[in-house]
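Dear colleague,

Please find below the structure that I am handing over to you.

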Amino acid sequence: GGPVMSGNEARGLMFGLHRQNFVQKKTIKMLVGIEVKLAEGFPLVQKITGVNNAFFVHIMKHCPGTLLTLHGRGSVNGGEGALHIRIFGKVDQNLDKAKKMTDDLLVSVRQQFKAWKYTKQSILAQQANKINAAAAAAPWQAIGGGNNANNPPNLAAPQGGGTPG
């Protein structure tokens, strides 16, 4: 009884070569597109992976047989290259679906980063404008000199000059 194996299949089983090991697998590398050093103050890795890797887990649950990992500068896995996500899995519709979901995630992260960067630049510009306006109105206030615009600091030479005696 049972299925009949060819001689090659039997020899393959002795060496641990099973049919499922011959399923074509693939690794897809997707660049994040944001330099970690330019994102100081922005929680880049958390925005990509989610809290406790929730975003990666979500994608892997919806795409059985896939594995997502983060690599490159700034990742837990480290590395010297640019920050990127690797998607590993069998070549099938789940791998394509994982790639699409990961691409959607990265588009969202890039949009959040762009909005954060714009807001940060706007705040810095507002602060610079306030400092410049204060310096134009009362230069001593901008450097922390006088008490108010009507009371400039006393910049005259000390009174009662002469040599100490």
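**The sheet and its surroundings**

Strands S1 and S3 run antiparallel and are joined by seven bridges. (Helices, as H or I runs of at least four residues, and strands, as E runs of at least two, are DSSP runs numbered from the N terminus.) Please note that this is a predicted model, in which local features need pLDDT of at least 70 and side-chain atom pairs count only at pLDDT 80 or more, while totals for chains, interfaces and linings use all residues. Residues are numbered from 1 along each chain as its sequence is written, and side-chain values use heavy atoms, with hydrogens and water left out.

Two strands are taken as paired if DSSP finds at least two bridges between them. Together the three strands form an open sheet in the order S1-S3-S2, with antiparallel pairing. S1 and S2 are the edge strands, each pairing on one side only. From one strand to the next, the twist averages 20°. Helix H3 packs on this sheet, where it touches S2 and S3, and its direction makes about 155° with that of S2. For such angles, axes are lines fitted to C-alpha atoms, for helices over the stretch in contact, and the angles run from 0 to 180 degrees between N-to-C directions.

**Overall organisation**

The protein has five helices and three strands, which follow the pattern α-β-α-α-β-β-α-α along the sequence. Of its 165 residues, 22% are buried; buried means under 20% relative accessible area, exposed over 50%, and partly exposed in between (1.4 Å probe, protein chains only). Among contacts with a separation of 6 or more, 53% involve residues 24 or more positions apart, a contact being heavy atoms within 4.5 Å.

**The nonpolar core**

The largest nonpolar core has 23 residues, and Val 32, Leu 44, Ile 48, Ile 85 and Ile 87 touch the most other members. At least two residues of this core come from each of strand S1 (25-31), helix H2 (44-49), helix H3 (54-62), strand S2 (66-71), strand S3 (84-90) and helix H4 (93-137). H4 gives the most, with seven residues. A nonpolar core is a set of buried Ala, Val, Leu, Ile, Met, Phe, Trp, Tyr and Cys residues joined through side-chain atoms within 4.5 Å.

Not counting residues up to four places away in sequence, Leu 44 touches Val 32, Ile 34, Val 36, Ala 39, Leu 83 and Val 109.

**Individual residues**

Thr 102 is located in helix H4. Thr 102 counts as buried because its relative accessibility is 0%. Apart from neighbours within four places in sequence, Thr 102 is in contact with Met 30, Ile 59, Leu 68, Ile 85 and Ile 87.

Met 60 belongs to helix H3 and, at 23% relative accessibility, counts as partly exposed. Leaving out residues up to four places away in sequence, Met 60 touches Thr 66, Leu 67 and Leu 68. The C-alpha atoms of Met 60 and Lys 97 are separated by 9.9 Å, although these residues are 37 residues apart along the chain.

The loop between H2 and H3 contains Asn 52 and Asn 53. Neither residue is a glycine, yet Asn 52 has a positive phi of about 55° and Asn 53 a positive phi of about 60°. Asn 52 is exposed, with a relative accessible area of 73%, whereas Asn 53 is partly exposed at 40% relative accessibility.

**Confidence of the prediction**

The average pLDDT, which is the predictor's confidence in each residue from 0 to 100, is 78 for the protein, and 67% of the residues score at least 70. Among the elements, H3 has the highest mean pLDDT (94) and helix H1 (residues 7-14) the lowest (48). The pLDDT is below 50 over residues 5-18, a stretch that has seven contacts in the model beyond near neighbours in sequence.

With kind regards
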